[in-house]
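Morning, everyone. I'd like to walk you through one structure. Please have a look at it on the screen first.

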Amino acid sequence: MYEVVNKHKNKRWRDARFNKDHNAERDHYSNPVFKNLEQPSVLWGRHAVIAALNNPKRILSRVFCSKNNRSLLDEEISKIRSKGLGSIPELEVLAIHELNLLVPSDSIHQGFVIISEALQEPNFNWFLEKNKATPHFTLVLLDQVTDPQNVGAIARSSAALGAHGMILQSRNAPKLDGMLAKVASGATEYIPIFRVTNIARAIRKMQNFDISCFGLAGESDVSINNTSFTTRLALVLGAEGTGLRRLTRESCDQLVSLPTVGHFSTLNVSNAASIALYELQRRKTA
């Protein structure tokens, strides 16, 4: 087992990435850096880290970067501190091989890593009540979409294309850090993301607030191009392969499909979300 010396703490820890039985999503938390942190949230990648630094709601524990990125982060942190947006720990510069030990194997951190407390999850009921009079209101609900790259990509599209929030199922959704946050390019810091126990119940709750729920289903005969959308709506997407579950389908106000051509009609769920969100945004601005 390969070992690396942490020059800043004068301690050694094992680099478990060289163990063929390594679980990439767990073993990096054995690093002593995470000691005494109950639920550490680890983010990496330039855009995810800078967005997190600019989020005053995020409680930061450690901020790391490579030598080449020090001047960039020093400048960014100075701007944030001058605005009084939040408390940021002193920047710590590590060698690339030491940064590698803070993240799962094969993660592309770009020389940026931060450790923080997990963001406090917003209250879904409070959010719906707060926005009950918002005339143009769009939500994205994911029915057991578990791939963090897909969830991250959908979060990025949701933030860029005008969605006001995302809803995930608490039992089968990935953590809002790591790979998900990197793919989202910082979107998880800007768009509210909620976790609910029961998807069908969440749909009924939204409907009680005059939010129509449109499920995206490839087999639907109704094209999104021919659908009259309400101004307050939720776009409901199912998991890769299985799509929307039966009870989710039955709970939606309407099922719609994307117009595809030829014999190849399947789309990745994150691509489907982007296309549907673009169509909704296009209609708002038309």
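This is a predicted model: local features need pLDDT of at least 70, side-chain atom pairs count only at pLDDT 80 or more; totals for chains, interfaces and linings use all residues.

Start with the largest pocket. It holds about 830 Å³ of space. There are 28 residues in its lining. Which of them sit closest to the centre? Leu-119, Gln-120, Glu-121, Pro-122 and Ile-193. Now, which elements supply at least two residues each to this lining? They are strand S3, residues 40-44, helix H4, residues 124-130, and strand S9, residues 193-196. H4 gives the largest share, with three residues.

On to the second largest pocket. Here the space is about 550 Å³. Its lining has 23 residues, and those closest to the centre are Leu-216, Ala-217, Gly-218, Thr-266 and Leu-267. Two or more residues come from each of strand S11, at 232-238, and helix H9, at 269-285. How does this lining divide into nonpolar, polar and charged residues? Ten are nonpolar, ten are polar and three are charged.

Now the strand, S6. It covers residues 112-117. Five of its six residues are buried, so the rest of the structure largely encloses S6. Buried, here, means under 20% relative accessible area. Which strands pair with S6? One is S3, from the lining of the largest pocket. S3 and S6 run antiparallel, joined by five bridges. Look for Trp-44, which stands opposite Val-113 in S6. The other is strand S4, residues 60-65, also antiparallel to S6 and also over five bridges. In that pairing, find Leu-60 opposite Ser-116 of S6.

H9 has 17 residues. From first C-alpha to last, H9 reaches 24 Å, close to the 24 Å expected at 1.5 Å a residue. Which of its residues are buried? Val-269, Ser-270, Ala-272, Ala-273, Ala-276, Leu-277, Glu-279 and Leu-280. Keep the helix geometry in mind as you read that list. An α-helix has 3.6 residues a turn, so residues three or four places apart point the same way. And what do the buried residues of H9 pack against? Strand S7 at 137-143, helix H5 at 148-160, strand S10 at 212-216, and S11.

Definitions and conventions:
Residues are numbered from 1 along each chain as its sequence is written. Side-chain values use heavy atoms; hydrogens and water are left out. On a 1 Å grid over the protein atoms alone, a cavity is a set of points where a 1.4 Å probe fits but cannot get out, and a pocket is an open set with protein on both sides within 12 Å along at least five of seven lines; lining residues have an atom within 4 Å of a point. Grid points are joined across faces, edges and corners, and a volume is the space filled by probe spheres set on the points. Helices (H or I, at least four residues) and strands (E, at least two) are DSSP runs, numbered from the N terminus. Ala, Val, Leu, Ile, Met, Phe, Trp, Tyr, Cys and Pro count as nonpolar, Asp, Glu, Lys and Arg as charged, and the others, Gly among them, as polar. Buried means under 20% relative accessible area, exposed over 50%, partly exposed in between (1.4 Å probe, protein chains only). Two strands pair if DSSP finds at least two bridges between them. The expected span of a helix is 1.5 Å times one less than its number of residues. Contact means heavy atoms within 4.5 Å.
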